[in-house]
Structures are given as structure tokens and as C-alpha cells.
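Hello,

Here is the structure we talked about, with its sequence. My notes on it follow below.

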Amino acid sequence: MLRTHMAVAAGLLVATAGLAQAESDAWSDIVADVFDGRAMQQSDIVTLETPYRAEDAATVPVTMHFAPPEDAGLRVERVTLVIDENPAPIAAVFELGADAGVSRIDTRVRVQSYTNVHLVAELSDGSLHMTETFVKASGGCSAPMGKDPEAAMANLGLMKLRQFDGANPEAQLMIRHPNNSGLQMDQLTRHYIPAHFIHSLTIAQGDAPILKMEGGISLSEDPSVRFEFEPNGEPIAVEAQDTEGNVFSENWPIEVGRSGT
Amino acid sequence: MPATDRTFAAAAAFWLFAWPAAALDPKEVAPGVYVIAGAVALASPENEGAIANIGFVVGRKAVAAIDPGGSATVGASLVEAVRSITDQPIRYVIYTHMHPDHVLGAAPVVAASGAEVVGHAKLASALAARAEHYLAGARDALGDEATDGLEVVLPDREVAAIATLDLGDRPLSLRAWPTAHTDNDLTVLDERTGTLFAGDLLFTEHLPVIDGSITGWLALEAELTSLPAARAVPGHGPATVDWPAAAAAQFGYLASLADSVRAQIAKGAGLAEAVEAVPPPAGNWALVETFHRRNVTAAFTELEWE
Ligand SMILES: [Zn+2]
């Protein structure tokens with residue numbers, strides 16, 4: 001009789017010795033590979049909020065703020081969220097719509113181990129502005145893909161838009177998607193569960209882009225993007241694509257920021 | 001990750017050699033029903049992973065072990081504990097759900113007895129996807145020495161709805177539940193004594209942990225608590241508790257957590273804000289620090305879709 005047994009392999013866990021060294025190495029590699037070694041300044045144009053200790057490594061909330069540059073002729077064009085020690089460190093790249101006034105984005109990420117998190121903003125003059133935090137969490141990426149995979153697949157691509165009125169109108173886009181990392185081995189089949197995730201997301205109001213996201217496996221299951229923006233009164237249109245070629249799209253009437261200017 | 005298939009004999013020899021069993025003290029909570037109460041704690045080298053309640057039921061012909069514990073050391077000790085009470089063979093190892101503190105002790109029990117492993121129909125795929133993660137976690141918590149060669153054993157027999165196992169004039173009623181604590185919760189009722197092995201559908205003392213669905217768990221309260229049992233063995237807490245009275249605290253916590261999280265969502269709070277804002281529970285729960293904020297996260301990401 002054959003039974004399925006699985007053994008702990010020696011060296012399964014990453015050694016923690018020399019972590020600080022490893023972190024700075026990871027970051028300098030990323031600066032070289034992703035940003036072509038370009039100079040970055042630490043500046044308060046970008047701020048980043050992450051919990052110091054993540055309660056659930058598969059769902060770590062991240063808040064990114066963008067302050068308008070002093071030179072009124074400049075704006076933040078693109079921001080890159082980097083989780084240095086993750087197997088795929090670039091969690092997401094957001095392009096901010098020119099007239100959308102996006103001043104804040106919240107999302108949720110998986111965190112594989114103790115890691116620095118970097119946020120890099122690229123301004124319209126090409127300058128790079130950076131900030132960083134540190135998160136204590138482990139196992140988020142190889143952690144289970146979902147609490148109820150049957151329900152997750154049944155609802156694949158279902159979207160919900162929540163709108164929040166106030167001094168700074170906000171909206172939250174949520175998409176049902178397992179966002180499988182491709183790092184989980186199915187011990188029944190002894191194959192890695194294929195990566196299957198949302199890689200591109202466009203949110204617009206009418207024809208004007210609010211933000212465009214290119215995402216990776218570091219975004220949590222059921223991706224969520226919440227953003228502060230300046231509504232123009234047009235309906236919100238969302239299109240998302242996953243790595244299997246599925247396209248999900250939906251429109252919602254705008255419910256916030258109507259009364260204002 | 002290389003997986004190994006071992007012959008039965010080789011595996012048995014390995015386990016008996018590798019795991020000097022620490023003595024476990026089974027308590028007879030009803031005639032022929034034994035429980036080894038786990039520590040209400042996180043897995044550590046001190047408790048060797050014996051943090052969930054382990055049970056076994058002795059019939060006229062066979063024994064069923066219910067949740068073989070959280071490490072091979074504990075599983076080997078369970079074999080010794082059964083042998084100290086009966087010569088009947090362990091024919092079944094029943095998993096109440098996939099969590100490592102309940103299943104990682106199976107390998108030495110199976111190796112020593114050839115027992116058939118029984119679980120919820122959704123357990124195999126859930127445990128298979130998490131196995132690497134659980135083994136790494138156990139290694140972290142218990143140390144390399146205690147987990148060298150640790151293995152996960154998947155079920156041989158699956159229960160999709162209900163099933164009965166007979167131990168010889170001793171029927172056990174197994175029932176598979178919809179997603180609640182996990183998506184693979186299973187209860188075991190010893191008909192003769194009215195003893196319900198509730199697994200982690202029932203937490204006492206240890207703060208409940210949501211790894212399935214808070215609404216699903218709350219939705220099965222009425223049906224679960226109407227099961228005709230005189231006593232229950234919770235997944236965590238004392239060896240036995242009054243049934244269904246002992247379930248009130250858990251469902252109270254879950255209901256008030258759902259209320260608080262819904263209130264945060266309604267007022268527009270984000271996840272990070274809600275995790276800070278939802279107050280820790282009243283009462284004498286253990287491990288609130290470890291699990292409450294995680295439960296808020298799980299509840300929030302589920303309830304924001306309502
Ligand atoms: Zn459990």
C-alpha cells in the first residue's frame with residue numbers, strides 16, 4: 001500500500017543569520033535591476049504605513065500617501081511598492097492619472113519573511129523619491145491560498161466598488177481572485193499550484209484614468225485597492241486581467257464628491 | 001520538495017527508533033472514551049506540540065484515535081497511551097480538521113498500527129496545499145530535533161456528509177460540516193456515551209481562531225448545539241465540557257466580533273484601522289494577543305463583501 005507521506009526537507013527554512021546584510025543586498029539588487037541604479041532621494045513626497053508586526057502574513061495592510069511636490073509643475077507619475085525579501089519583490093506598480101488627484105492608495109500584500117518594504121515614487125521630471133518601513137511577518141507567500149478555494153473559484157472575477165464621501169472622497173475596488181502565488185506545492189499532485197493572479201488593473205472615471213496597476217503575486221488574495229481621488233462626476237470604469245487571459249470589467253455611477261466644486 | 005514513500009515496516013521501525021515517547025496521561029471521560037488534554041498554548045519545545053486535545057475510543061474490536069496531536073513525539077506517545085489501556089488495534093485515525101496541532105502526530109500512529117486515516121472530503125486538498133507551510137511552521141516552533149523526519153499523512157477515507165465507523169458494538173457517527181473554523185471540519189459522536197468530539201468547531205479557554213468563515217461558523221450554531229451529546233471534547237480547553245452550555249462563550253465572541261467588524265466597515269474604516277479599533281474580547285480567553293487581531297483581519301476581509 002502506498003501512502004502519501006511528506007517529509008521536512010533539510011534546509012527548507014531560510015537561515016536568519018545575516019538578515020540585515022541580506023536585506024541591504026536585496027535592496028541594492030532591486031535598485032540596480034528595476035531602477036537601473038538611478039539615484040533616489042529619501043523625501044516626504046511619499047509616506048508608507050505598514051504594521052510593524054503583521055497579524056496575518058497573507059494579508060498585510062499597506063497605506064501609501066503621496067504629497068504634491070513643492071514645484072507645482074511636477075506631479076507623481078508612478079509609484080512602485082517593493083517587498084524586498086519576497087520571492088517576487090515588486091508587489092505593484094501604480095501609474096497615477098494626470099488629473100485624478102490620487103493622494104493615497106491602500107492595498108494588502110503577502111509578506112514572506114521579515115523584510116524592508118520600499119515605496120518609490122517617480123515624478124514627472126524623472127526624479128525618484130523613496131521611503132521605507134520594516135515588517136515582521138513570515139510565510140505569507142507560501143501560506144494557504146485561501147480559506148475556501150471552492151468558494152473562491154466560484155466567485156472568480158466578481159467585483160465590488162465601495163465609495164466613501166467626505167473631505168477627501170475615496171473608493172475601494174475589490175476583486176474576487178485567488179491571486180495564487182505559484183509558490184504553494186500541492187502535496188497530492190506534488191506539483192506547484194500554478195501562479196494565477198491579476199496582473200493588470202485599470203480604474204478610470206469616464207475616459208480619464210485614475211490609476212493603472214501592474215500587480216504581482218505579492219498582492220493578497222481578493223485584491224483590494226482603496227484610493228483617495230478627485231471625482232470628475234463620470235462613472236467609474238474598471239478593467240482587470242489575470243494571467244490566464246480572463247478579463248473582468250464593470251462600471252459604477254459615481255456617488256461621491258458631487259456636491260463640491 | 002522530495003517526498004518519500006516508505007514501506008509500512010520501514011516506517012514503523014523508523015518511528016519506534018526515532019521517537020522515545022513521553023508519557024501522556026489519558027483521562028477516561030466516559031466508559032471507553034479517553035482524552036489527553038493539550039496545553040492551552042502555542043506549540044513549543046516544552047509542550048512538544050501537544051496543544052490540542054487528543055481522544056481515543058475503545059470498542060470491542062478496535063480503537064479509533066481522534067486527532068493524533070501536533071508532532072510525531074506526541075503521536076508516538078498516543079500509541080503508548082492506547083497500549084497502556086487496551087490490546088485492541090487502532091483501526092482508525094480520525095482528523096477533526098487539517099490544522100497541524102491536530103494532524104502532525106498521525107505518522108507514528110499509522111506506522112505502528114496500519115490505521116486507516118479518515119477526514120472531511122475537503123481535507124486532503126486543503127492539507128496538501130498547506131503541508132509545506134505547516135511542516136516549516138512546526139520546525140520553527142518545536143525545533144529541528146523534534147521535527148526531524150516529520151510527515152503529513154493525508155486521509156485514506158473521505159467523509160462528504162455523514163458516515164458511521166463501528167469499533168465493535170460501538171458506532172461512531174461522523175459528520176462533515178460546511179465551512180466554519182476551516183473548510184474541512186468534522187465532528188465525531190460516540191453514540192454509546194453521548195460524547196461529542198467537536199474538534200475546533202468548539203474552542204474553550206483558547207480564543208477561537210477563524211481560518212474558514214465567521215458567517216459560516218455562526219450559521220451552524222443551532223445545528224451544532226442541537227447534537228444529542230451529554231458532553232463535548234473541545235479542540236482546545238479541558239478534556240470535557242458540558243454540552244451545549246460550553247459553546248455559548250465561543251459563539252458570543254464570534255457574534256460580537258462580527259458586530260464590531262461590521263460597524264467598522266459601515267463607518268468606512270480600512271483594514272488597518274479596524275484591526276486597531278475592534279476591542280479585544282471580554283472574558284478569560286487565553287492567547288488573545290496572538291489571535292484576536294488576526295481574527296479581525298479574517299472577519300474584515302470576509303464581511304466587507306456583504
Ligand atoms: Zn484548528
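Please keep in mind that the model is predicted. The span comes from a UniProt record: an unreviewed entry lists residues 165-251 of chain A as "domain: Sulphur oxidation protein SoxZ".

A:Asn179 is not a glycine, yet its phi is positive, at about 45°. A:Asn179 sits in the loop between strand E11 (170-175) and strand E12 (185-186) of chain A. Its relative accessibility is 0%, so A:Asn179 counts as buried. A:Asp222, also a residue other than glycine, has a positive phi near 50°. The loop that holds A:Asp222 runs between strand E15 (208-215) and strand E16 (224-228) of chain A. With a relative accessible area of 15%, A:Asp222 is buried, because the cut-off for buried is under 20%.

Next, the second largest pocket. The space in it is about 260 Å³. It is lined by 17 residues, and those closest to its centre are A:Pro68, A:Arg75, A:Val76, A:Gly101 and A:Val102. The lining of this pocket consists of eleven nonpolar, three polar and three charged residues.

Now chain B. An unreviewed UniProt entry lists residues 51-236 of chain B as "domain: Metallo-beta-lactamase". This span is 32% helix and 30% strand, and its end C-alpha atoms lie 7 Å apart.

Which residues coordinate the zinc ion? They are B:His97 (through NE2), B:His99 (ND1), B:His181 (NE2) and B:Asp200 (OD), at 2.1 to 2.2 Å. Along the chain, these donors follow the spacing H-x1-H-x81-H-x18-D. B:His97 lies in the loop between strand E5 (90-94) and helix H3 (100-103) of chain B, and B:His181 in the loop between strand E10 (171-176) and strand E11 (186-190), so the pair ties together parts that are 84 residues apart in sequence. B:His97 is buried, with a relative accessible area of 0%, and B:His181 is buried at 0% as well.

Why is the arrangement around the zinc ion called irregular? The four donor atoms subtend angles of 88 to 167°.

Of its 13 lining residues, B:Asn53, B:Asp67, B:Phe197, B:Gly199 and B:Pro234 are the closest to the centre. Strand E3 (54-58), strand E12 (195-203) and strand E13 (231-236) of chain B each give at least two residues to this lining. By class, the lining of the second largest cavity has six nonpolar residues, six polar and one charged.

The peptide bond from B:Trp243 to B:Pro244 is cis, with omega near 5°. B:Pro244 is found in the loop between strand E14 (241-242) and helix H9 (248-266) of chain B. B:Ala161 lies in the loop between strand E8 (157-159) and strand E9 (162-166) of chain B, and is partly exposed, with a relative accessible area of 44%.

Regards

Technical notes:
Residues are numbered from 1 along each chain as its sequence is written. Chains are lettered from A and ligands numbered from 1 in the order in which they are written. This is a predicted model: local features need pLDDT of at least 70, side-chain atom pairs count only at pLDDT 80 or more; totals for chains, interfaces and linings use all residues. Side-chain values use heavy atoms; hydrogens and water are left out. UniProt positions are given in the numbering used here, feature names are shortened, and annotations may be inferred rather than shown by experiment. On a 1 Å grid over the protein atoms alone, a cavity is a set of points where a 1.4 Å probe fits but cannot get out, and a pocket is an open set with protein on both sides within 12 Å along at least five of seven lines; lining residues have an atom within 4 Å of a point. Grid points are joined across faces, edges and corners, and a volume is the space filled by probe spheres set on the points. Ala, Val, Leu, Ile, Met, Phe, Trp, Tyr, Cys and Pro count as nonpolar, Asp, Glu, Lys and Arg as charged, and the others, Gly among them, as polar. Donors are N, O and S atoms within 2.8 Å of the metal (3.2 Å for Na, K and Ca); water is not among the atoms, so sites may look incomplete. Four donors count as tetrahedral if all angles lie between 85 and 135 degrees; four count as square planar and six as octahedral if opposite donors are over 155 degrees apart and all others between 65 and 115; anything else is irregular. Helices (H or I, at least four residues) and strands (E, at least two) are DSSP runs, numbered from the N terminus. Buried means under 20% relative accessible area, exposed over 50%, partly exposed in between (1.4 Å probe, protein chains only).
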